[in-house]
Amino acid sequence: MLILTPIALVALAIPTLVVVGLFSGSGEGSVALSAGDCVRNEADWPEQQLRKVDCGSPLAEYRVLEEASCGPRDYLLRAEYTIGAPGRPGSCVTPL
């Protein structure tokens, strides 16, 4: 019985972690951003609900910058927006 209890706990833990991971995701469909992309924030800072928009669009609020270009008035991006970026991942956004 002492041997079966840890095995049962591990067997239950894996599906539980998968379900928690599915429900804890933002569900927003966040997209990886590259340096030079333009975005708008559909939430109030410090919350980030960023959507990629065309840089010529009146909806564009911020431009994504590389880490070396980030300044004191820029906002750092959460990791979910930088992992898997198709180009050089951005580290912050600056107001346009």
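Which cysteine does a disulfide join to C38? The partner is C55, with an S to S distance of 2.0 Å. The views below come from a predicted model, in which local features need pLDDT of at least 70 and side-chain atom pairs count only at pLDDT 80 or more, while totals for chains, interfaces and linings use all residues. Residues are numbered from 1 along each chain as its sequence is written, and side-chain values use heavy atoms, with hydrogens and water left out.

**View A. The disulfide of C38 and C55****.** A disulfide is taken here as a pair of cysteine sulfur atoms within 2.5 Å, and a search of the whole structure finds two of them. The link of C38 and C55 is right-handed, with 100° about the S-S bond. Because C38 lies in strand β1 and C55 in the loop between β2 (50-53) and β3 (62-65), the pair ties together parts that are 17 residues apart in sequence. Strands are DSSP runs of E with at least two residues, numbered from the N terminus. C38 is buried at a relative accessible area of 1%, whereas C55 counts as partly exposed at 34%; buried means under 20% relative accessible area, exposed over 50%, and partly exposed in between, for a 1.4 Å probe and protein chains only.

**View B. The disulfide of C70 and C92****.** The sulfur atoms of C70 and C92 are joined at an S to S distance of 2.0 Å. This pair links distant parts of the chain, with C70 in the loop between β3 and β4 (75-76) and C92 in strand β5 (residues 92-95), 22 residues apart. The link of C70 and C92 is left-handed, with -105° about the S-S bond. C70 is partly exposed, with a relative accessible area of 27%, while C92 is buried at 0% relative accessibility. When the bonded cysteines of the chain are numbered in sequence order, the pairing reads 1-2, 3-4.

Terms used. Helix = DSSP H or I, 4+ residues; strand = E, 2+ residues; numbered from the N terminus.
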